[in-house]
Structure formats: C-alpha cells, structure tokens
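Subject: the model, and what turned up in it

Hi,

Here is the structure I promised to pass on. My notes follow below it.

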Amino acid sequence: MRIYLIRHSFTDGNLKRRYIGKTDEDLCPEGVRFLKERIKTNGYPQAERVYVSPMKRCIQTAGLVCPGQKLCIAEAFSECDFGIFEKKSYKELSGCPEYQAWVDSGGTLPFPGGESREEFKRRTLSGFEESVRECERDGVSSAMYIVHGGTIMCIMEKYAFPKKGYFDYQTGNGEGYELIVADSGTGDPGVSFGSAAGRSGIFVSSGEDDRKFDHYIGKNYKKLFSEDKDW
C-alpha cells in the first residue's frame, strides 16, 4: 500500500516558530500562497483515499491539495498537546525551568500539562493502523494523510526502513514522505520481509515501481519534492 504523508501548510504560529498543537489555527495568507505555488509548479500525488486531522490547518490544506475529494477526518491524527508550551516560541520559553528540563531530556519528558510523546505515539499509531486496515478491507491501494509534523514523525519512526530516530523525520510545511507499507502477516500494517537482490527487511511487491524501493535503494520511503535521484 502506497502512503503519502503530508504536513499542512503554514499558519501564523508556524511562521513565528511557536508550539502550535491543540490551537486550531487557520492557514495564514503566506501558507495559502505557498501551497498554491507548489501545486502549480510541482503538484502533489493523488490517492484513492484521504485521511485528515480535524484541525482547520489540515482541512484547509486538503481542500487545496485534493479539491473535491471526500475527506476522512480522524481525531487520532490531531497534533500533540504541548501543554504550557502551547503558542509560545523557544525564545519566549527561555528561562522556563520546565522547558529547560524538557530540552535536556531530548524531548522525552511529557509536555507539562499536555501529552507525553508515548501517549501521542499510541494515539497516532492506533489511528494509522486502523486506517490502513480499513483501506485493505476496502481494496484501497493508496492513501494520503494530511496531518501534522509530529504525526508524520510517529508514523515514519515506526514504519520507515532503514530505522531512524523520531526527530530524523522532521519535515517542512507542505512537504512530506511517500511510504510503502504491507501486511505484516498478523493483519496489521508493517514492513514485509523480502529477499530481492539479497536484501532483507524491505517490502517487495509484484509491481515494477515498488520493486525499485527494494532493489535500488534498500528503503521503503522517499521524501516528496526531494532532489535525491537514487530512487
């Protein structure tokens, strides 16, 4: 199954580098212009089904990226609750002991008054896995997720191969990844283990495009809008 993970375009809070989680901001004019220009110059891939966070910034992005398409809105894909850091920039949080402790932990401590990373991951991955099962049940072979940066990081950390850390999958507004997932053999999404060209741990399908993931680059994802030509 081909997955497109796309982060929403810019909001005012994004431009000011604030922590924007549960705050339901609209796209700012700059965000709309950016997205329209990218659609005109690069275009976005299209998918049979579109899953979207319930936040306005994601719904508005989806309206531009896939106009007229039915949106499957899922609460599980809401951004993380940043607690007392919400709507503040790192500069505004300078000197805050709770923020310094969170930074010193490498981002592993729970957000004070908000979610922990583990809570956020459980929520996100539960929703993602359920959506993939829905697609498999309905015979859908491609799905787009227009969501948040943190949501994408959770999914990529779990399902991208070769394995990297959570923060390695940070992506800019309006950008994202293309990811291949397969039935793990347990009825849940995962990475199937193939044997093309002596490689292991990579999904191998009967499709020519999907085989390129395995044989040529040894991974099951690529960045959208990337200049990387080894794909």
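Which side chain does Arg-49 meet in a salt bridge? Its partner is Asp-138, at 3.0 Å from N to O; a salt bridge here is a side-chain nitrogen of Lys or Arg within 4 Å of a carboxyl oxygen of Asp or Glu.

Before the rest, some housekeeping. This is a predicted model, so to speak of a local feature I need pLDDT of at least 70, and side-chain atom pairs count only at pLDDT 80 or more, while totals for chains, interfaces and linings use all residues. Residues are numbered from 1 along each chain as its sequence is written, and side-chain values use heavy atoms, with hydrogens and water left out.

**Salt bridges**

Back to that pair: Arg-49 is in strand β2 (residues 49-52) and Asp-138 in helix α5, 89 residues apart. Helices (H or I, at least four residues) and strands (E, at least two) are DSSP runs, numbered from the N terminus. Arg-49 counts as buried at 19% relative accessibility, whereas Asp-138 is partly exposed at 38%. For those words, buried means under 20% relative accessible area, exposed over 50% and partly exposed in between, with a 1.4 Å probe and protein chains only.

There are 14 salt bridges in the structure. One of them joins Arg-2 and Glu-178 at 2.4 Å, N to O. Lys-222 joins Arg-2 and Glu-178 in a network of salt bridges.

Asp-26 and Lys-56 make another one, at 3.8 Å, N to O. Asp-26 lies in the loop between α1 and α2 and Lys-56 in helix α3 (residues 56-65), so this bridge ties together parts 30 residues apart in sequence. Asp-26 is partly exposed at 39%, and Lys-56 is partly exposed at 35%.

Then there is Glu-79, in the loop between β3 (71-73) and α4. Glu-79 is buried yet has no salt bridge, and the nearest side chain of opposite charge, Arg-57, is 5.5 Å away. (On charge, Lys and Arg count as positive and Asp and Glu as negative; His and the chain ends are not counted.) Leaving aside neighbours within four places in sequence, the contacts of Glu-79 include Arg-57, Glu-115, Arg-123 and His-148, where contact means heavy atoms within 4.5 Å.

**The cores**

A nonpolar core is a set of buried Ala, Val, Leu, Ile, Met, Phe, Trp, Tyr and Cys residues joined through side-chain atoms within 4.5 Å. The largest one has 37 residues, and those with the most contacts inside it are Ile-3, Leu-5, Phe-85, Phe-128, Tyr-145, Met-156 and Leu-179. Two or more residues each come from β1 (2-7), α4 (97-104), α5 (117-138), β4 (142-147), α6 (149-159) and β5 (176-180). Helix α6 gives the largest share, six residues. Apart from this core lies another, of 14 residues, among them Tyr-4, Val-50, Met-144 and Ile-146.

Beyond its neighbours within four places in sequence, Phe-128 is in contact with Ile-3, Phe-77, Tyr-145, Ile-155 and Tyr-159.

**Rings**

I count 20 aromatic pairs. Rings of Phe, Tyr and Trp (its six-membered ring) pair if their centres lie within 6.5 Å; planes under 30 degrees apart count as stacked, over 60 as edge-to-face and the rest as tilted.

Phe-10 and Phe-34 have ring centres 5.2 Å apart and planes at 80 degrees, so the pair is edge-to-face. Phe-10 sits in the loop between β1 and α1 (12-15) and Phe-34 in helix α2 (residues 29-41), 24 residues apart.

Phe-128 and Tyr-145 make a tilted pair, 5.3 Å centre to centre with 55 degrees between the planes. This one links helix α5 to strand β4 across 17 residues, and Phe-128 and Tyr-145 are buried.

Ring pairs also join Tyr-19, Phe-82, Phe-85, Tyr-99, Trp-102 and Phe-111 into a cluster.

Finally, charges over rings, meaning NZ of Lys or CZ of Arg within 6 Å of the ring centre and within 35 degrees of the ring normal. The charged end of Arg-38 sits over the ring of Phe-225, 4.2 Å from its centre. Lys-219 lies over the face of Tyr-221, 5.1 Å from the ring centre.

Cheers
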